[in-house]
Amino acid sequence: MFDLKTLYQEVIIDHNRHPRNCHRLADADRVADGFNPLCGDRLTVYLKLQDGVITDAAFEGEGCAISVASASLMTEHLKGKTESEARAIFDRFRALVTGEEEAGAGLDKLVVLAGVKEFPARVKCASLAWHTLSAALKGR
Ligand code: ZN
């Protein structure tokens, strides 16, 4: 039988071992730092924007498997999205990981993190990259 949970875990392990877009963006238009004191996760999110569209996204940092995998998946997902789309995705992602929403429509691979809703302490790990993104979008 197709085991969704195992597949989800494999995607998270893969993104933790081989994080995508895990580097500094020297010519980033927006940068923000995020810290999750509960777990010790630290991330910096870099964005390149052109006419309101995220043309490149990257991150650097150290953290647990969930926080790194989430940042990796997030940066992959954001490229080509507008700033307002990115904010809307964050809202849906937050609803997904807090268990407010089951479906996760339009979240693609990000749904692999839905399992954290059963572990409240892990919700902050999964959300850190997104809160940092939100700060980066607000800042200059
Ligand atoms: Zn963590």
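Leaving out residues up to four places away in sequence, S70 touches F93, L113, A126, A129 and W130. Contact here means heavy atoms within 4.5 Å. S70 sits in helix α2. Helices (H or I, at least four residues) and strands (E, at least two) are DSSP runs, numbered from the N terminus. S70 has a relative accessibility of 0%, so it counts as buried. Buried means under 20% relative accessible area, exposed means over 50%, and partly exposed lies in between (1.4 Å probe, protein chains only). Between S70 and A129 there are 59 residues of separation along the chain, but their C-alpha atoms are 6.7 Å apart.

## About the model

This is a predicted model, in which local features need pLDDT of at least 70 and side-chain atom pairs count only at pLDDT 80 or more, while totals for chains, interfaces and linings use all residues. Residues are numbered from 1 along each chain as its sequence is written, and side-chain values use heavy atoms, with hydrogens and water left out.

Is H77 buried or exposed? Its relative accessibility is 9%, so H77 counts as buried. Beyond four places in sequence, H77 touches I89, G106, L107, D108 and L110.

Now move to helix α3, where A86 lies. A86 is buried because its relative accessibility is 0%. Apart from neighbours within four places in sequence, A86 is in contact with I54, L78, W130, L133 and L137. The C-alpha atom of A86 is 8.6 Å from that of S134, and these two residues are 48 apart along the chain.

## The zinc site

Which residues hold the donor atoms of the zinc ion? The protein donors are C39 (SG), D41 (OD), D41 (OD), C64 (SG) and C125 (SG), at 2.2 to 2.7 Å from the ion. D41 and C64 link distant parts of the chain. D41 is in strand β2 (residues 41-50). C64 is in the loop between β3 (53-62) and α2 (65-78). The two are 23 residues apart. Donors are N, O and S atoms within 2.8 Å of the metal (3.2 Å for Na, K and Ca); water is not among the atoms, so sites may look incomplete.

The spacing of the donor residues in sequence is C-x1-D-x22-C-x60-C. D41 has a relative accessibility of 1%, so it counts as buried. C64 is buried too, because its relative accessible area is 14%.

## A threonine in strand β2

T44 also belongs to strand β2. It counts as buried because its relative accessibility is 15%. What does the side chain of T44 make a polar contact with? The partner is the side chain of D33, at 2.7 Å. A polar contact is a pair of N or O atoms within 3.5 Å; within protein, one must be able to donate a hydrogen and the other to accept it, and residues adjacent in sequence count only if both atoms are side-chain atoms.

Setting aside neighbours within four places in sequence, T44 is in contact with V31, A32, D33, A58, F59 and E60.

## A valine in helix α4

V123 is part of helix α4 (residues 120-138). With a relative accessibility of 15%, V123 counts as buried. Not counting residues up to four places away in sequence, V123 touches V97, T98, V116 and K117.

Most residues other than glycine have a negative phi, and most peptide bonds are trans. D51 has a positive phi, near 50°, and is not glycine. D51 lies in the loop between β2 and β3. It is exposed because its relative accessible area is 78%.

D108 is not a glycine either, and its phi is positive at about 50°. Where is D108 placed? It is in the loop between α3 (83-97) and α4. D108 counts as exposed because its relative accessibility is 56%.
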